[in-house]
Number of protein chains: 2
Amino acid sequence: MPTPPEPLVGPGLRRSVATVCLSGTLEDKLAAAAAAGFDGVEIFENDLVTSSSSPADAARRATDLGLAIDLYQPFRDFEAVPDGVFRDNLRRAERKFDVMEQLGADTILVCSSVAPDAVDDDALAAAQLTELAERASARGLRVAYEALAWGRHVSTWDHSWRIVQQAGHPALGVCLDSFHILSRSPSADGVAELPGDKVFYLQLADAPRLSMDVLQWSRHHRLFPGQGAFDLVGFVEAVLATGYRGPLSLEVFNDVFRQADPDRTAIDAMRSLLVLEEGLHRGEAAPATPPAPALRGYAFTELAVDGVSGPEVANTLAALGFTHTGQHRSKPVQLWEQGQARVLLNAAVVRTEEAPGVAAIRALAVESDDPEGSAARASALLAPSVPRRRGVAEADLTAVRSPDEAELFFCRPGGRGWRDDFLPTGASADGGAGLLHTDHVALTQPFDHFDEAGLFYQSVLGLEEDARGEFAAPFGLVRTLALRDPSRQVRLALSVSLLRRGEWAPGVPDPQHIAFGTDDLDATAEHLRAHGAALLPVPQNYYDDLDARLDLAPELLTRLQRACAFYDRDEQGEFVHLYTEVLGGRVFFEVVQRIGGYQGYGVVNAPVRIAAAPTALRAS
Amino acid sequence: MPTPPEPLVGPGLRRSVATVCLSGTLEDKLAAAAAAGFDGVEIFENDLVTSSSSPADAARRATDLGLAIDLYQPFRDFEAVPDGVFRDNLRRAERKFDVMEQLGADTILVCSSVAPDAVDDDALAAAQLTELAERASARGLRVAYEALAWGRHVSTWDHSWRIVQQAGHPALGVCLDSFHILSRSPSADGVAELPGDKVFYLQLADAPRLSMDVLQWSRHHRLFPGQGAFDLVGFVEAVLATGYRGPLSLEVFNDVFRQADPDRTAIDAMRSLLVLEEGLHRGEAAPATPPAPALRGYAFTELAVDGVSGPEVANTLAALGFTHTGQHRSKPVQLWEQGQARVLLNAAVVRTEEAPGVAAIRALAVESDDPEGSAARASALLAPSVPRRRGVAEADLTAVRSPDEAELFFCRPGGRGWRDDFLPTGASADGGAGLLHTDHVALTQPFDHFDEAGLFYQSVLGLEEDARGEFAAPFGLVRTLALRDPSRQVRLALSVSLLRRGEWAPGVPDPQHIAFGTDDLDATAEHLRAHGAALLPVPQNYYDDLDARLDLAPELLTRLQRACAFYDRDEQGEFVHLYTEVLGGRVFFEVVQRIGGYQGYGVVNAPVRIAAAPTALRAS
């Protein structure tokens with residue numbers, strides 16, 4: 001893992017992560033944060049309370065790992081309470097100040113009260129916070145007051161700021177949290193006018209736009225910057241405009257991250273900050289993260305096959321019009337080509353845990369105008385590098401590993417370099433089925449790493465979000481995220497079962513596929529039929545419903561039926577596509593024709609496709 | 001599986017289930033509905049569209065299975081549209097009428113429009129629905145119009161009824177859906193005044209009370225009756241008061257059910273209707289489901305052990321003051337007792353798929369005033385019976401299998417019957433640690449079956465809901481449901497990881513435990529310490545936080561620390577409890593003392609307990 005680069009946004013700006021973002025014990029979390037290169041952590045109270053490490057031990061551990069403890073959080077339901085309660089709260093605060101002294105944390109987060117006995121009295125809140133700040137100050141500590149979006153009387157940042165102003169104590173400032181602010185309003189107008197020395201802390205979280213109770217939204221669905229819908233670049237710019245130079249600190253409550261590998265979550269978190277920092281430097285070169293070179297499409301996709309699945313996949317490729325054009329100089333790897341579409345069949349990379357006969361997409365290779373630049377960017381964004389699989393006189397292909405375990409290669413356009421590893425068979429790649437190129441690759445994601453994978457591919461490859469959705473498949477809900485490069489030459493479709501696969505649907509992995517583009521699906525289908533390609537059958541009910549919904553021209557319907565093809569249309573154009581049956585228990589091919597400006601993926605037809613391949617989904 | 005009893009609520013009342021409630025293909029769903037004893041199904045359009053069965057084939061299959069097709073659903077965005085759209089919609093409807101004729105379904109569900117081009121004009125809606133009804137009528141079909149809670153202009157049942165009245169067509173009526181009605185208002189005032197012959201269909205779903213967008217709530221979080229917070233008995237009473245005698249039809253969109261075994265979901269669904277029907281007969285004897293006899297506490301809990309875990313568990317029971325009082329006449333089963341607390345250690349029921357050294361709770365036995373009555377109720381509620389494990393001269397214990405695979409035995413109070421299977425060892429059960437009885441048993445549930453298990457235990461045993469909650473544990477969120485009998489002698493605590501265990505937390509099952517009651521935890525703890533019981537260590541941070549929060553008397557804090565005990569309190573009383581370490585990788589014991597009227601389970605302390613047992617949770 002490379003050392004993360006220096007932050008760009010000025011000296012003293014630090015990267016922090018709240019322990020609540022990460023799964024495991026406090027010790028797991030500190031180790032993960034340090035390994036990902038964070039400068040500091042916020043310690044979430046419950047993580048310390050449940051820990052067998054004393055505060056002093058935790059502090060020593062953090063120091064050994066090179067982590068500062070930037071914040072102790074949260075202290076709840078403190079202010080604007082009747083006098084008796086206030087005395088109790090001060091006693092409680094003093095006990096937590098004891099803990100902070102042992103931790104070496106100098107800032108405590110006080111959330112605006114949600115207590116039923118809190119009163120709506122800013123002067124009382126200011127007076128009680130002043131007393132708290134005075135006691136904190138006596139111990140060299142300070143208090144960051146944060147408006148929870150669901151605070152009982154104080155729920156906006158400007159309200160919390162008015163109270164801090166009214167208190168006027170040097171050890172009392174505000175904590176700004178992007179979720180609490182942007183969940184209520186898409187912009188953070190006015191934040192930039194705050195005096196920076198009264199912004200004591202900055203917490204960052206992204207989130208999808210959801211229409212639900214804000215507390216539940218906040219506690220379950222936050223995401224790292226770049227994974228949701230908030231304008232975090234604009235928000236951080238506003239905060240930096242105040243002169244704030246404290247940590248950029250991630251505080252993300254997320255049900256999936258809570259149970260996922262903390263080491264991976266911490267790297268995902270760090271990557272999100274690197275991408276955010278890149279956004280803060282729009283227009284300038286951001287030396288920490290080299291820019292993404294332009295992509296020119298897929299160089300190849302590599303499938304792992306074995307003695308059983310290899311011939312099955314090869315026969316299907318042949319029926320699809322592909323030709324076996326090259327054989328690797330030193331390894332059992334075949335190159336199959338048609339037009340600009342290329343598939344490698346690699347019989348040396350089946351994993352031992354996989355069932356015999358399996359096929360799987362093992363690597364994606366994209367053509368980059370600057371493969372070394374692409375690799376440098378991937379490395380800067382903490383993509384793990386893959387040990388080379390290079391033989392003598394073979395191309396030095398740079399590869400990184402994606403969160404779904406696929407290897408990602410960066411190649412020169414036109415096959416320069418990697419093609420030299422293959423001895424030509426003499427066969428021509430002018431395939432007869434009219435397939436032109438790889439339209440997209442579709443990868444099903446491991447449940448724990450869907451949002452991580454989205455940010456990974458998007459940032460490492462410089463892709464843009466194309467479409468996001470959710471659909472009901474026969475075996476559960478499926479969530480989708482499609483990404484593409486600006487020129488639409490590299491398209492990647494990610495999906496994940498929303499709740500993992502049901503226990504009754506046996507444990508085969510969800511299938512993956514490669515989609516090839518044609519400009520004449522009828523002709524392609526004719527070729528496939530003539531060559532005996534095993535196409536996925538399409539139920540007549542589908543065509544009946546299609547016709548009921550869209551009132552298609554009878555000849556179009558007939559052509560679709562003849563081709564075993566699916567259909568979709570939108571304002572931009574039309575989409576016709578067909579599928580092979582599933583091969584090697586896991587992989588299938590799609591042929592697509594985009595007509596007019598259609599840019600989608602025919603997701604509306606996915607449930608029919610999944611129901612039609614029940615053997616692949618349910619084979620035990 | 002016993003045949004479900006006749007419905008009680010009148011001749012002609014049928015039980016139906018929508019295919020959308022169940023996972024799998026249409027064929028899977030029909031088979032599951034029939035096996036659970038449903039009379040009919042609603043066919044959800046997408047389930048037919050994705051099916052390779054033609055409508056006529058599906059109809060034949062349903063007939064063969066004894067299922068009527070009670071409804072075809074849904075037809076969307078039909079009414080109150082401009083004329084051109086209306087012509088398209090009529091064409092679409094005619095095509096769906098073709099499908100219905102082949103299916104043999106006579107009623108189509110039309111949902112109130114959500115289309116942007118729908119206009120707010122009841123007269124237009126009524127006129128267009130009249131035209132639709134006229135065309136349906138010409139084919140012997142009828143139209144049930146339903147107000148979606150998020151309909152664009154029509155979102156309440158009374159609004160849909162006004163439009164149906166205005167239309168005045170005999171083939172047009174309303175469909176009442178408990179979710180759409182009760183999600184907007186806790187009662188269904190006025191429903192009972194509808195004319196029953198204009199209520200064409202009744203759809204039932206329960207749901208938890210959630211504060212979120214009603215469409216998302218409806219599409220993801222519905223539950224079967226009795227699993228949520230709605231008053232479905234009151235609702236169905238109101239609908240039956242109209243004279244409606246059509247199906248009670250379940251329509252439940254639920255993310256978990258969508259991916260769970262459809263055979264099990266269908267039985268869960270049928271059980272929910274049986275419980276609902278029992279509720280409709282409050283006060284009267286409901287012959288279909290015999291009443292739940294009174295329970296008198298736990299007779300015993302049985303643990304599966306092997307040669308490694310057996311001695312480990314036995315040693316711990318001995319240190320806890322239990323005595324090995326009996327040995328089974330024919331099997332390697334030991335009876336351990338103390339007061340009224342009894343544990344069986346069974347070395348004959350370890351499952352082959354389990355790791356060597358494992359211990360697991362395999363059976364719960366409750367004392368019932370009428371064990372045969374309890375068994376008859378369980379059978380009527382579709383609990384699968386367990387093949388007897390009886391030897392010559394051994395008690396004929398009736399047992400059923402719960403959704404979490406635990407066996408549930410019904411025993412006579414005082415040990416009559418089952419105790420005769422054990423030869424006394426001569427040792428006395430007057431244990432020295434002061435344990436009095438089994439306070440509760442805590443079972444972690446399989447992800448796919450948490451709501452099913454809740455309804456199962458609640459209905460079969462006649463338990464009431466005690467507490468429901470959710471907490472953040474170190475390895476993910478945990479959801480809890482505590483149940484108890486009316487006399488609080490049988491308490492059962494269920495829990496499930498909200499998103500299953502993370503992929504990084506290795507695959508050991510979540511631990512289960514048995515809690516024993518004492519009335520002097522200090523004395524019990526003293527005994528445990530003296531006898532070397534391996535207690536779970538409690539971090540000092542926990543006590544510091546407890547003291548900061550609750551300002552405990554110093555001597556109480558000292559006693560808790562000395563006992564390695566946890567503490568909770570509420571308005572009713574106090575709770576002190578301690579845990580052993582995890583045994584056999586999966587099972588531990590708890591000792592609890594309830595002081596005053598405390599009725600909870602100390603859930604607030606669960607994260608500390610889970611973090612303190614990391615080896616059990618994370619051993620690979």
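**Exercise 1. Determine how many residues of chain B are in contact with chain A in this predicted model, and which element gives the most to that side.**

Step 1. Count a pair of residues as a contact if their C-beta atoms, placed from the backbone, lie within 7 Å. By this criterion, 54 residues of chain B touch 54 residues of chain A.

Step 2. List the elements of chain B that give two or more residues to this side: helices H2 (45-49), H4 (83-103), H15 (540-550) and H17 (606-612), together with strand S19 (476-484).

Step 3. Pick out the main contributor. H15(B) gives the most, with six residues.

**Exercise 2. Work out the strand order of the eight-stranded open sheet in chain B and name its edge strands.**

Step 1. Follow the pairing across the sheet of chain B, which gives S14-S15-S13-S9-S12-S11-S10-S16. The pairing is mixed.

Step 2. Find the strands that pair on one side only: S14 (398-401) and S16 (422-424) of chain B are the edges.

Step 3. Compare directions. Neighbouring strands of the sheet are turned by 30° against each other on average, direction ignored.

**Exercise 3. Describe how S13 and S15 of chain B are joined, and what packs there.**

Step 1. Strand S13 (residues 360-368) and strand S15 (residues 407-411) of chain B run parallel and are joined by five bridges.

Step 2. Locate one opposing pair: Val366(B) faces Phe410(B) of S15(B).

Terms used:
Residues are numbered from 1 along each chain as its sequence is written. Chains are lettered from A and ligands numbered from 1 in the order in which they are written. This is a predicted model: local features need pLDDT of at least 70, side-chain atom pairs count only at pLDDT 80 or more; totals for chains, interfaces and linings use all residues. Two strands pair if DSSP finds at least two bridges between them. Helices (H or I, at least four residues) and strands (E, at least two) are DSSP runs, numbered from the N terminus. Axes are lines fitted to C-alpha atoms, for helices over the stretch in contact, and angles run from 0 to 180 degrees between N-to-C directions. Two residues are in contact if their C-beta atoms, placed from the backbone, lie within 7 Å.
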